Amino acid sequence: MKKAFVAALLILTAMPLLIGVAALPPHGDPDTPVHTHISARYLEEGREEAGADNIVTGVLLNYRGLDTAGEVTVIFTALMAGLAVLISHKKQPEGDAAYDAAEAAAEDAPVRAPVSPVVSFVVRLLAPFIALFAVYVIVNGHVTPGGGFQGGAILGALFIALTIVLGRERTRTLMPRLAQPWMQGAALLTFVGVGIVGGALTGYFLGFPADASLHLARKLMMLVLEAGIGLGGAAVFATLFLQMEAE
Amino acid sequence: MISAVDIRNAVTVVLAAVGALFFLIGTIGLVRLPDFYARTHAATKCDTVGAGSLLLALAVFNGVDVSTLKIIALAGLVLLSSPTIGHALARAAHRTGVAPWQARKGRTS
Amino acid sequence: MSAVFDIMLLVFLIVTALAVARAKDLLGAAILFSSYSLMMCLLWQHRGAPDVAMTEAAVGAGITTVLFLVAIGRTTRREK
């Protein structure tokens, strides 16, 4: 009975979806609204207008900058929610004592098998190259596929690998305590900052100056945005990992 | 008359064939070998030599180019990381007490 | 040829998705989910969206797997 109900529910859900998919225009059809409405403009003038050779970056940060700001807010909120869940179940003293208590708890954690020297060596050997690649992905997001989100994820993964290999004592210096909240909110803060600068230049929040003479300013604003997203993303992943590992 | 392009193509084909062969053998080993250690061994071979020589084939086929440098860097990364992963897996298994397969006891897994 | 590749990837995608849903071993499910992300990444790349493919590879196959593993390490490995 229950199985029949589930099957019926599945079929009922799948039918409209499949009908909807079947009604979609063929892939690459030039007459669809996607291709006739606004894409052409992006593709023809995007490079000059948005200030990025990679059109995807141009659309993400310039034309649809506000949407990306919203996305960044969502990620930040998710981090806050995750932290709230992770921290709330243990009673902690306030302020500095809380931090010390968490650190002490982390040090008292059951001793694990020591990290293999081979793994440690290879991670330490590759770390500078991974960091270089992450920065390349962030900065070169203008020209080639990539950008803040991708590079930030690579940076975060590097931080996690280093923390596993070297221990949190050594990597703590990479994310000093005072800088932590600023790093976690870096993406959002950058968007607000650049948005206000854009507002001063154009009159719209997150507006990018359109004059040809301000080409450099456009590029700079995008670079700052990318760097902020990268740093913020990396900090979000690193914080989540550290909080989940603490204990 | 054998031209340089022919030689390059031949080298590419040989390297790619070696890579594909190693992937095939490694995958068969992954399915057929009896215990965790042996399977890790097979999988590591297939990643290291298979992916390495496929990447080298691509590099040779591409000729002298910036992309070739990137492919060679990738091959170096694979050559470094894949054996490390195999080592880490086997070590973790050993430390958590996964017993190696022994012929006399029959199938343990 | 291109369509064949797409179909192969899609079949793999569906198989891994079903396997994740059916797996009782959460560690196995996390690894399977990582391979699901890898398939998705290849599919994005093949459909001409390298930006999304990079995100999928870095976030989906990389970091979420690590976070899943940490979460499993702190809870239990078996689904109850």
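Reader: What area is buried between chain C and chain A?

Author: The size of an interface is often given as the accessible area lost when the parts come together. Here buried area is the accessible area (1.4 Å probe) that two parts lose on being put together, summed over both. For chain C and chain A that area is about 1,500 Å². Carbon and sulfur atoms give 73% of it. In chain C, Asp51(C), Ile63(C) and Arg74(C) supply 40% of the area that chain C buries against chain A, more than any other three residues.

Reader: What kind of model is this, and how are residues and chains labelled?

Author: This is a predicted model, in which local features need pLDDT of at least 70, side-chain atom pairs count only at pLDDT 80 or more, and totals for chains, interfaces and linings use all residues. Residues are numbered from 1 along each chain as its sequence is written, chains are lettered from A and ligands numbered from 1 in the order in which they are written, and side-chain values use heavy atoms, with hydrogens and water left out.

Reader: How many residues does the contact take from chain C and from chain A?

Author: Contact means heavy atoms within 4.5 Å. The contact takes 13 residues from chain C and 22 from chain A. Of the 2 pairs of chains that touch, A and C have the most contacts.

Reader: Which residues of chain B lose the most area to chain A?

Author: Start with the totals. Chain B puts 8 residues in contact with 11 residues of chain A. The two chains bury about 700 Å² between them, 75% of it on carbon and sulfur atoms. On the chain B side, Leu80(B), Thr84(B) and Arg91(B) lose the most area, together 55% of what that side buries.

Reader: How far apart are the closest C-alpha atoms of chain B and chain C?

Author: They lie 14 Å apart, and no contact joins these two chains.

Reader: Is Thr84(B) buried or exposed?

Author: Buried means under 20% relative accessible area, exposed over 50%, partly exposed in between (1.4 Å probe, protein chains only). Thr84(B) has a relative accessible area of 9%, so Thr84(B) is buried. Its place is in helix H3 (residues 66-95) of chain B. Helices are DSSP runs (H or I, at least four residues), as are strands (E, at least two), numbered from the N terminus. Leaving aside neighbours within four places in sequence, Thr84(B) is in contact with Val118(A), Val119(A) and Val122(A).

Reader: What pattern does chain C follow along the sequence?

Author: The pattern is α-α-α. Chain C has 3 helices and 0 strands. Its C-alpha trace spans about 45 × 25 × 10 Å along its principal axes. Of its 80 residues, 30% count as buried.

Reader: Where is Thr16(C) found?

Author: Thr16(C) is in helix H1 (residues 2-22) of chain C. Thr16(C) counts as buried because its relative accessibility is 10%. A polar atom of the Thr16(C) side chain lies 2.8 Å from the backbone oxygen of Leu13(C). Beyond neighbours within four places in sequence, Thr16(C) is in contact with Leu32(C), Ser35(C) and Tyr36(C).

Reader: What is phi of Leu206(A)?

Author: Most residues other than glycine have a negative phi, and most peptide bonds are trans. Phi of Leu206(A) is near 65°, a positive value in a residue other than glycine. Leu206(A) is in the loop between helix H11 (186-202) and helix H12 (215-245) of chain A. Leu206(A) is buried, with a relative accessible area of 6%.

Conventions: Polar contact = N/O pair within 3.5 Å; in protein donor to acceptor, adjacent residues only side chain to side chain.
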